[in-house]
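Please keep the sequence and the coordinates at hand.

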Amino acid sequence: MSAHDSPVPSPFAGLGRGLDRAVTRGMNTVTGGAIAPYQSAIVRIGFSLTWLLFLLREFPHRVELYGPDAPWSWDLAKQLVAGNHAFTVLLWTDSRAWFEIVYAFAIVASVMLLLGWRTRTASVLFMIGVLSLQNRSVFEGDGGDNVIHLMAIYLVFTRCGKVWSLDRRLAVRRAAKAADVGGAADLGKATEAGADPVGIALWTVFGVALLAASLAGKLSTGWALLFWAFWLIQAVWWAVRRVAPGEPHTVLDIIADIVHNGAMLVIVVEVCLIYSTAGWYKIQGGAWQDGTALYYPLHLDDFSPWPALSHTLAGNDLAVMLITYGTVIVQVAFPFTLFNRRVKNVLLVAMMLEHASIALVLGLPFFSLAMIAADAVFLPTGFLVWAADRLLRRLRPGGGRPAAVVHEQGAAGPEQDVRPEQDVRPAGPADPAVGPPQTGAVT
């Protein structure tokens with residue numbers, strides 16, 4: 001080879017550079033902020049609302065479902081939990097008063113999470129309420145309870161109060177007030193140094209209750225470690241925000257974003273698994289091949305709130321065939337459509353309409369609400385923002401555009417001057433989940 005000859009470039013050089021850029025973009029996405037804040041918020045609202053409506057609807061029958069008069073007796077539940085180590089505070093005592101307290105606690109926690117007030121605290125309390133009731137009577141439910149059970153755990157690890165929450169609204173107001181009083185330069189100091197007696201009281205009570213339960217031996221080792229980890233992490237977060245609001249706070253914020261992003265990925269995978277396993281299971285069964293899987297339930301009294309509608313639908317062979325095969329095709333195909341946004345959105349609408357039909361025709365409203373709430377994780381960010389804007393326009397007197405929506409969409413507002421190290425989250429042990437929204441990644 002002469003001195004003027006240039007070496008032949010490797011055919012893998014371009015591939016390596018492209019891979020490096022892809023990895024860099026991926027790392028920036030994972031660590032650059034909480035992805036899909038609007039999707040996490042709609043999932044939070046959907047599941048808390050579904051569980052709240054279920055608790056209120058079954059309030060007259062609560063004792064027969066989860067209380068002392070339940071067919072699944074306290075002793076049977078005790079034996080089952082001793083084997084599977086599930087968590088439920090209802091088995092700490094068989095007192096009727098204790099059951100009423102836990103049921104009321106579950107309702108209050110659902111309202112807190114629905115409104116997004118003290119979102120981090122509310123998510124933990126919501127999980128405790130869901131697990132306590134469902135693990136007390138494991139045979140109560142229509143399938144939607146299993147989805148709520150899983151999502152209640154996943155939501156604890158998300159920052160689902162970044163938008164559409166009271167936490168966010170209060171944070172924006174505090175930011176605006178601090179900017180008016182001391183200017184943007186003093187915003188971080190005003191936010192971090194503000195007293196938060198409510199947050200401190202909540203986590204103090206939680207800590208005392210956790211200590212009492214641990215000393216009394218009510219918690220298994222695994223659950224005790226998990227709840228103490230939640231409490232200690234929150235205590236560290238609060239201490240760092242007050243004592244070292246600079247770089248240490250930024251590091252914790254990045255870690256929280258990474259955990260949130262991982263939890264959102266788990267939620268997406270979970271929903272895909274629900275549909276794919278259900279679809280492939282249906283393919284293997286003869287009942288879904290000959291249409292009897294739909295035909296016979298339409299003749300059952302327990303699943304016929306509108307008998308005339310059910311019988312009319314069951315009597316139409318073409319409708320039964322289309323619904324049966326359409327359900328299987330949509331469920332099997334949906335996970336694969338995530339690679340094509342337009343096809344995914346079409347099937348997403350089809351699945352939501354299917355669940356709405358199940359609620360109407362088969363009388364399973366809470367199952368349908370739970371599945372629609374799970375499907376909402378795939379809704380495009382633009383649609384969610386547009387829908388919220390339109391809804392609040394109608395609710396607002398005079399039809400004007402609500403200031404909260406303007407702020408959350410990134411229009412001119414007080415929070416635009418807030419830098420990452422000057423987060424507008426309330427300074428307190430109960431609210432690490434509130435902050436300026438990021439661009440949604442689930443589209």
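Which side chains meet in a salt bridge at 2.8 Å, N to O? In this predicted model, they are the side chains of R96 and E100. The two residues are four apart in helix α5 (residues 96–115), so about one helical turn separates them. An α-helix has 3.6 residues a turn, so residues three or four places apart point the same way. R96 is partly exposed, with a relative accessible area of 42%, and E100 is partly exposed at 23%. The pair also belongs to a network of salt bridges that links R62, R96 and E100.

The whole structure holds five salt bridges. In another of them, the side chains of R159 and D257 meet at 2.6 Å, N to O. This pair links distant parts of the chain: R159 sits in the loop between α7 and α8 (166–182), whereas D257 belongs to helix α12, 98 residues apart. Both R159 and D257 are buried. R393 and D389 form a salt bridge at 3.4 Å, N to O, and they lie four residues apart in helix α19 (residues 381–395), about one turn of the helix. R393 has 34% relative accessibility and therefore counts as partly exposed. D389, at 10%, counts as buried because the limit for that class is under 20%.

The largest nonpolar core has 84 residues, of which F47, W51, Y66 and F227 touch the most other members. Helix α6 (residues 119–134) gives the most to this core, with nine residues. Beyond its neighbours within four places in sequence, Y66 is in contact with residues including W51, F54, L90, F99 and Y103.

Helix α18 (residues 365–375) is largely enclosed by the rest of the structure, because eight of its 11 residues are buried. Among them are F366, F367, M371 and D375. The cover over the buried residues of α18 includes α2 (37–57), α7 (144–155), α12 (247–284) and α17 (341–361).

An unreviewed UniProt entry lists transmembrane regions, including residues 198–216, 261–281 and 318–339. In the model, residues 198–216 are 95% helix and 0% strand, with the end C-alpha atoms 27 Å apart. Residues 261–281 are 100% helix and 0% strand, and their end C-alpha atoms are 30 Å apart.

L318 is found in helix α16 (residues 317–333) and counts as exposed, at 53% relative accessibility.

Technical notes. Residues numbered from 1 in each chain as written. Predicted model: local features only at pLDDT ≥ 70, side-chain atom pairs only at ≥ 80, totals over all residues. Heavy atoms only, no water. Buried < 20%, exposed > 50% of the residue type's maximum accessible area, 1.4 Å probe, protein only. UniProt positions renumbered as here; feature names shortened; annotations may be inferred. Contact = heavy atoms within 4.5 Å. Core = buried A, V, L, I, M, F, W, Y, C linked by side-chain atoms within 4.5 Å. Salt bridge = Lys/Arg side-chain N within 4 Å of Asp/Glu carboxyl O.
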